[in-house]
2 protein chains.
Amino acid sequence: MAKINASYRKLAAGYLFPEIAKRTRAFSEANPDADILRLGIGDTTESLTPTIVDGLSQAVQSLGTPEGYSGYGDSEGIGALREGIAEMYAGTSIHADDIFVSDGAKSDSSNIQSIFSSDNVIAVQDPAYPVYVDSNVISGRTGNATEGVYDGLVYMPCTAENGFFPELPSQKVDIIYICSPNNPTGAVATHAQLQRFVDYAIENKAIIIFDSAYAVFIQDDSLPKTIYEIEGAEKCAIEISSFSKSVGFTGVRLGWTVVPDAVTCEDSEPGEIKKLWTRRQNTFFNGASNIVQAGGVAALNPAGKEEMKQLVSFYMENARIIREGLTKLGITAYGGDNAPYVWLKTPEGIGSWEFFDKLLEECHVVGTPGAGFGPAGEGYFRLSAFGHRANVEEAVKRISEQLKLG
Amino acid sequence: MAKINASYRKLAAGYLFPEIAKRTRAFSEANPDADILRLGIGDTTESLTPTIVDGLSQAVQSLGTPEGYSGYGDSEGIGALREGIAEMYAGTSIHADDIFVSDGAKSDSSNIQSIFSSDNVIAVQDPAYPVYVDSNVISGRTGNATEGVYDGLVYMPCTAENGFFPELPSQKVDIIYICSPNNPTGAVATHAQLQRFVDYAIENKAIIIFDSAYAVFIQDDSLPKTIYEIEGAEKCAIEISSFSKSVGFTGVRLGWTVVPDAVTCEDSEPGEIKKLWTRRQNTFFNGASNIVQAGGVAALNPAGKEEMKQLVSFYMENARIIREGLTKLGITAYGGDNAPYVWLKTPEGIGSWEFFDKLLEECHVVGTPGAGFGPAGEGYFRLSAFGHRANVEEAVKRISEQLKLG
């Protein structure tokens with residue numbers, strides 16, 4: 001008599017983005033003429049750049065020839081791509097064989113918990129990307145949720161009061177998820193802020209899961225682009241990153257995880273955690289698509305990198321436009337300077353989902369309610385800088401002219 | 001103080017294929033002039049067909065244009081592909097919305113267990129594709145292994161004596177993995193054989209995980225190509241399948257899982273297991289690459305299907321050549337008629353790994369030791385029909401001329 005994994009029943013609600021899609025669809029059906037602008041889900045909108053299209057095309061053509069055909073590759077990824085990614089870590093201790101290529105940061109950030117004990121206590125920034133929480137709920141590391149707050153999970157509030165970076169947890173925790181540049185708040189952790197967490201992790205034999213999917217958007221060179229810029233991080237931190245936002249691979253699917261040899265925890269020797277991740281990937285995954293990996297290699301050649309830079313600048317200009325528009329309206333806005341997300345304080349203290357409905361109804365603009373990212377996100381709202389310029393400008397115009405404030 | 005998932009330490013040995021790669025590499029380094037022929041891992045060798053190359057190319061070009069660009073898609077896959085796959089199930093109760101597109105059958109067959117309770121008792125055919133076993137070991141559903149046999153796991157022996165299809169398990173089991181056409185034995189289950197298991201599953205509220213990754217190789221039309229040809233299967237069976245072998249997507253990565261609404265178990269209502277898989281995929285996966293999915297759509301159009309048929313015929317002719325060669329030598333061989341694998345009884349009762357070394361040393365041919373697929377595989381050996389024709393012919397020639405048989 002088979003039974004289901006009952007932890008699924010603990011999940012407090014549908015995954016955030018399907019809920020947004022559902023509400024948007026309902027509005028759209030009720031208002032078929034409404035031209036809805038989407039700044040909700042962080043989905044890229046600009047076409048792939050020429051160098052990447054060339055790289056992908058060559059791979060496809062090559063697979064159609066006897067000489068160029070290839071089947072199974074190493075689950076860790078092709079050598080050229082691992083080398084190219086490792087170059088981004090120049091100046092740190094990270095090498096190509098620490099890089100595990102994957103089909104995206106979402107897969108890795110949800111699966112990474114599976115190599116750790118189900119008894120571990122998990123700490124997340126609050127608000128946080130929902131996948132960190134949901135993957136641990138499903139894997140049995142929490143109790144039930146009360147109003148969206150899971151028993152047994154340690155929430156580290158990130159609010160305007162602490163500059164959107166948390167204090168060290170007051171109770172002992174084992175696995176700590178940190179995202180910087182932060183989704184959803186757009187805040188970037190400083191060297192000093194990260195050093196405190198690295199020191200804590202080493203002292204307490206904890207593991208940091210560091211999500212740097214938005215690192216390429218950092219404009220301020222004094223801010224760390226990887227946790228491995230922090231002294232000691234290679235002993236306690238696993239970093240997860242992505243091609244999704246930097247080169248528009250949200251649908252193409254490519255990411256990576258860095259597991260240094262030195263990373264250890266309470267009951268493992270150096271090298272063992274890396275071996276576990278290798279084994280996990282060898283058993284549950286068969287490598288990212290060879291075509292897509294060729295696209296990744298192209299993205300990292302000099303022409304590809306130049307195009308990436310331009311694409312990032314484009315989205316960052318969108319972010320500037322959004323933040324400026326909101327500020328002019330008297331709305332307090334954060335982020336958008338080193339990240340493609342603008343995090344605004346909802347006007348007049350209204351709730352996040354209430355603001356979602358208001359923005360949709362009055363402006364036909366879709367954003368993401370802060371409360372969907374965790375309890376401390378209540379009263380905040382995320383607008384994404386991913387969008388065609390004309391749409392971003394139109395969205396800001398509508399918010400400026402149509403949003404009914406006090 | 002973080003701890004690792006200690007179940008990883010229960011894994012009896014390295015994953016089979018890395019071990020083969022290791023031994024092959026060692027031999028190759030010691031014998032740099034040896035021209036090694038690989039009929040071990042079931043890796044495709046023939047180039048992608050023109051219709052698929054066109055489909056992939058168009059998708060790539062399209063992503064380079066503002067009109068054709070797309071980002072995140074539904075994690076379940078694009079509609080056209082789900083429709084195309086559903087057409088393969090014509091005559092059964094399966095519809096497009098039962099189809100969940102993925103990056104391959106390996107991911108799905110390893111992850112499917114995660115939606116079920118960790119208390120469930122697992123039954124596998126013996127020999128079996130190692131991923132079924134390893135994914136359950138890692139997820140804590142077994143005890144330790146003694147000589148490769150895991151405590152708490154129910155092995156259902158498949159040998160020449162029972163025509164390589166198991167009896168019903170004598171103890172109650174909850175989740176049953178069945179692969180047909182079988183990897184590694186090449187045997188195809190009949191309607192009657194599958195009906196017995198479906199009846200058992202319904203009576204005992206068990207779940208069947210049916211792996212049909214090789215269904216397209218079935219030549220005998222009287223044999224079932226999907227478990228949904230069996231009465232009642234939609235109430236108890238989840239089917240996993242793949243584009244890897246049928247169109248050479250081992251490196252390109254595309255597969256699917258079928259979860260009908262009606263499938264239930266002890267503690268679930270109809271529809272709930274499907275919802276769990278949807279939630280699992282929405283949380284741990286972000287959809288197969290949009291480029292690759294376009295290739296899948298092309299593979300299922302009329303021209304693509306015709307090319308698939310020719311490719312399958314090509315590999316099946318390889319299988320015939322291998323089986324015929326072995327038979328001529330007096331080696332007892334099975335499979336190869338409705339599956340791209342030939343399963344031979346090792347001559348003179350020598351061990352599987354001993355035969356692996358012998359074949360490598362005497363013929364410079366790599367195959368797969370039956371023992372690597374489970375205890376009942378000892379004394380058997382798998383040769384794969386995936387290979388260039390000249391290589392397959394040369395391998396058979398070498399085995400015929402160079403293998404030292406008592």
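## Ground rules

Residues count from 1 along each chain as its sequence is written, while chains are lettered from A and ligands numbered from 1 in the order in which they are written. Because the model is predicted, local features need pLDDT of at least 70 and side-chain atom pairs count only at pLDDT 80 or more, but totals for chains, interfaces and linings use all residues.

## The sheet

Chain A has an open, mixed sheet of seven strands, ordered β2-β10-β9-β8-β7-β3-β6. Strands (E, at least two residues) and helices (H or I, at least four) are DSSP runs, numbered from the N terminus. Strands pair if DSSP finds at least two bridges between them. β2 (99–102) and β6 (154–157) of chain A are the edge strands; each has a single partner, so one side of each lacks a neighbour in the sheet. From one strand to the next, the twist averages 20°.

β2(A) and β10 (255–258) of chain A run antiparallel, joined by four bridges. A:Phe100 sits opposite A:Thr257 in β10(A). Helix α3 (79–87) of chain A packs on the sheet and touches β2 and β10 of chain A. Contact means C-beta atoms, placed from the backbone, within 7 Å. The directions of α3(A) and β2(A) make about 115°.

## Two packed helices

Helices α9 (302–328) and α11 (389–402) of chain A pack at about 5°, with axes 10 Å apart. Axes are lines fitted to C-alpha atoms, for helices over the stretch in contact; angles run from 0 to 180 degrees between N-to-C directions. α9(A) and α11(A) are therefore roughly parallel (under 35 degrees).

Among the contact residues are A:Ile321 of α9(A) and A:Val396 of α11(A).

Technical notes: Contact = placed C-beta atoms within 7 Å. Parallel < 35°, antiparallel > 145°, perpendicular 65-115°, else oblique.
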